[in-house]
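Here's a run of questions and answers for anyone who likes to check geometry by eye.

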Amino acid sequence: MGRLTRTLVVLLAVAAMAFGAAESDFHIPFEKYKLQNGMRVVLSRDTAVPVIALYVIYDVGARSEEKGRTGFAHLFEHMMFEGSANIKKGEHFKYVQANGGVMNGSTHPDYTDYFETMPSNKLSLALWLESDRMRSLAITPENLKNQQEAVKQERRLSFDNQPYSTAIVDNWPKLTFGNFQSSHSLIGSFEDLEAASVDDVAKFFKTYYAPNNAVVVIAGDFEIGDAKKLVQQYFGNIPAQPPPQRPDMTEPVRAEGKMETVSDQHARVPGVIVGWPAPKKHSAEWYALGMLDAVLTGGQSCRLQLDLVKGRQSVLQYQANPGWPFASFNDFKDPGDYAAFLLYKPNYRPEQIVDQLQQEIDKIGTAGVPDAELARVKALLRYSKVTSLQSSLGRAQLLGQYELLDGKPEMVDSDFTNLFAVTGSQIQAVAKKYLTAARRDVLVIQPAPPSQAPAGAKEGGK
Amino acid sequence: MNYRSLSYLLLAAALPLAAQTVDLTKPPVSKDPRPYKLPPVSESKLPNGLTILLAEDNRFPLVTSRLVFLAGNKRDPKEIPGLAASVATMLMQGTSSHDYQQIAEDLDSLGGVMAATTGADSLNIEASVLSENFDRMLALVSDVARNAIFPAPELDLHKQNRKQTLMAQHAQPAFLANEEYRKVLFGDTPYGHVGPTAESIDKLDRKALEDFRDTYLVPNNAYLILVGKLPARAQLMKTITAQFGSWEQKKVPAYVAPKVPESKRELVLVDRPGSVQADMRLGKIGATYNDADYFPENVGSTIEGGGPNSRLFLDIREKRGFAYDVHTEVAALADAGTFSTVTQVRNEVVGEALQGILDHLDRMAKEPVERQELSEAKSYSNGVFLLSMEPQRGLADRLVQMKVMNQPKNYLETYTTKINSVEPDQIESAAKKYMATDNDAIVVVGDAAAIEKPLEKFGTVRVVKPAQ
């Protein structure tokens, strides 16, 4: 199963809010502890609807991949649904669905996650399913072959056959990052996907899919005592492994920003990606960048909507967030970026669109953000916190991501507290210092003339 | 005495073991499910005919609002397909007292979102907001519903942008497939179009928008649905009356659904040069929610193509590796539904994959489903229903559906019972009607040069160019 991320699914939707979390008068209770094998556990009880979400998140993602194995983290995610010691191939789906649940997995730049959402009396079943594959994944040549085909098919479906997507997954990271860990294609090339061996899969499993490299979250309708007992029963005796070596993700020193153009045979409306390297995550400047993004692209009255879509009438749709395209505000490791993707009217040249966006940012760099505008953005943030925490799964995801990446589930609240504390002058300063024309990378996506031969499709599907 | 101490000893010896070991080779036995009771929904009507549905949900400081009009795309005039959707978009672009910027700034400052959307049967002003600002949000909903003025510059911009977004939609194979599929199934009846054409966008003017609004966006053709942390009832009714009470009712032209064309085997290939795979959508007319065989069709669809435990997924994707996604869809509309199968396969296996899918569908119409897969499908449907109730919009959107589809008042309470009562023979006869493939429409979007040949064995292939 699994998608690379949710981002591309809504590619053409106007991004409403870039954030996924928290606010001051609405708190999520949780308790966290660690098993002897190093597995971290977070429990968050809420009995309103008799459902539970089990969320398992591993500290490995596309940015953990080695050269020659692009796309491997995602291919491995598929292997996790192919059976284990006590659950035969295909049975994972069956157990979840036949018991009234839904499940999925997804691969991100810095983590991979798996979840089941089920009626609450099925908690032990969900724990059995997740623990069995953590303990004893079935790694066979047949399963690998089958999932290599499924992933290649997913690449065709979600990227090669869609407008903009190939440029976003293959070209943009390469343009804006210098270190292989960040600059390679997250979905991977057909060549690399085919080169993956059963040994690679076994090694990856042992290295990264160990209890001490995972966080397990249960959210919803359960008793804390019962859950602790069950977690111990199912996961307690899975042996720990040596901690994985983490790749060096340091970016080389950057020269001036770059501008490139790609021709897209599927696009009919031109698009442009504009991005900048971001300040260190969780620094004061980082939160200021989050608020700057909200001023530019959040809600109906943001700058891009009022000035570019309505005012100049040059931009058709836009989306942007810190971490774009494959991460959200909260769910990646440094180094990060801030990027915007705009579709624009064909009577404009891409340089004009980039200039217009830059002028919007420079305006904030010069004049700051009026109080009333900042208040609006903060009201929207409060709304965003409440809505993102309505479901058990939403709560489990955020708690798990914060525990895995930061060791602090409480950041579900404190990240928002920090955003609320940002002042207009901090936003002004970060616009001036970070989002400058000199530091900017630009990727123009031009619709190919109709007659042009297919460009991106190297393989054509053999 | 002896007896008692013996039993005590046995118990003591057994307990620690039971606490520590668990049989990992078998799925654990579940406790009984904890029952869930839907929040009560109260229904009332203002004197002007506006129907009001209210449900308390105090879990979050949030209110979800839906103002729904029975005025969807099916009410588009024949010469302006897409009009209802343009009316929806333009409602937000200016009213007699607020321009776009004021509406947008008000909305954002409340901590809320609002959007007007259309489906085939309804136009829906959807909003949700932090509960402390509920009154002000309701005032905004009322303003855009009642007082939109469709300013000329905003309409010009809408027309320009809609043409561009239509082009962007036509770059997406799934959109092309759905657009053509609806055309093939419904011909020139109102469900035959999903949106505008470049020509119909040119025809939009203020008068057309106003006519549509004044005809259909009236209180006696609308439902106001509020779910969330609501003010006390008397206060709430006062607020609702203040916002909507003076809205004048008006007779709405009756709608008589035209007869839907007979389904017949038709094979259309939308040529998209350079496609590296074929997007397929096939099927025919299905049940409405109120047809007796809707539930059998629905449960049958779950067995056939509803999620990763379904027959199609396990065979076409997992066993044969033809596709990443393959699923069936039951889309019940108010006057007619569709039953469809959707997949995207690589060019080399188009013929094999299509044959595999047709065989599966025909088997449903010929053989009863197994008891085991039937009970699994029922659990799944009931579980998904429960899961959908977690976010507040879950109940709100179910209530919208109840009203637009004219479902009985106890629809939600009896949903699970109706799912559970479906029998294999009912699925088989529903499948004969809705799944058997001899008269299926088959729409494929892909590179005609690569895939036309293998499609020919399924019928006469009509190749069309995608609209601009």
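**Chain B, piece by piece**

Helix α2 (residues 83–91) of chain B packs with helix α5 (residues 152–169) of chain B at an angle of about 130 degrees, their axes being 11 Å apart. Axes here are lines fitted to C-alpha atoms, for helices over the stretch in contact, with angles from 0 to 180 degrees between N-to-C directions. Helices (H or I, at least four residues) and strands (E, at least two) are DSSP runs numbered from the N terminus.

This is a predicted model, where local features need pLDDT of at least 70, side-chain atom pairs count only at pLDDT 80 or more, and totals for chains, interfaces and linings use all residues. Residues are numbered from 1 along each chain as its sequence is written, while chains are lettered from A and ligands numbered from 1 in the order in which they are written.

Reader: So how are α2(B) and α5(B) oriented to each other?
Author: Angles under 35 degrees count as roughly parallel, over 145 as roughly antiparallel, 65 to 115 as roughly perpendicular and the rest as oblique. The angle for this pair is about 130 degrees. α2(B) and α5(B) are therefore oblique to each other.

Reader: Which residues of α2(B) make the contact with α5(B)?
Author: Contact means C-beta atoms, placed from the backbone, within 7 Å. From α5(B) come Glu154(B), Leu155(B), His158(B) and Arg162(B). On the side of α2(B), they are Ser86(B), Thr89(B) and Met90(B).

Reader: What about α4 and α9 of chain B, how are they oriented?
Author: The axes of α4 (residues 134–147) and α9 (residues 233–244) of chain B come within 9 Å and cross at roughly 25 degrees. Therefore α4(B) and α9(B) are roughly parallel to each other.

Reader: Moving to the open sheet of six strands, which are its edge strands?
Author: The order is β9-β10-β8-β11-β7-β12 (chain B), with mixed pairing; strands pair if DSSP finds at least two bridges between them. An edge strand pairs on one side only, and in chain B those are β9 (323–332) and β12 (461–464).

Reader: Is Tyr380(B) buried or exposed?
Author: Tyr380(B) is found in helix α13 (residues 371–387) of chain B. A residue is buried if 20 or more other C-beta atoms, placed from the backbone, lie within 10 Å of its own, exposed if 12 or fewer, and partly exposed in between. Because Tyr380(B) has 25 C-beta neighbours inside 10 Å, Tyr380(B) counts as buried.

Reader: Which residues of chain A does Tyr380(B) touch?
Author: Leave out residues up to four places away in sequence. Within chain B, Tyr380(B) touches Thr302(B), Gly306(B) and Gly307(B). In chain A, the residues touched are Gln97(A), Ala98(A) and Gly100(A).

Reader: And how many residues does the contact take from chain A?
Author: Chain B gives 67 residues, with α5, α11 and α13 among the elements that each supply at least two. From chain A the contact takes 72 residues.

Note on methods
Contact = placed C-beta atoms within 7 Å.
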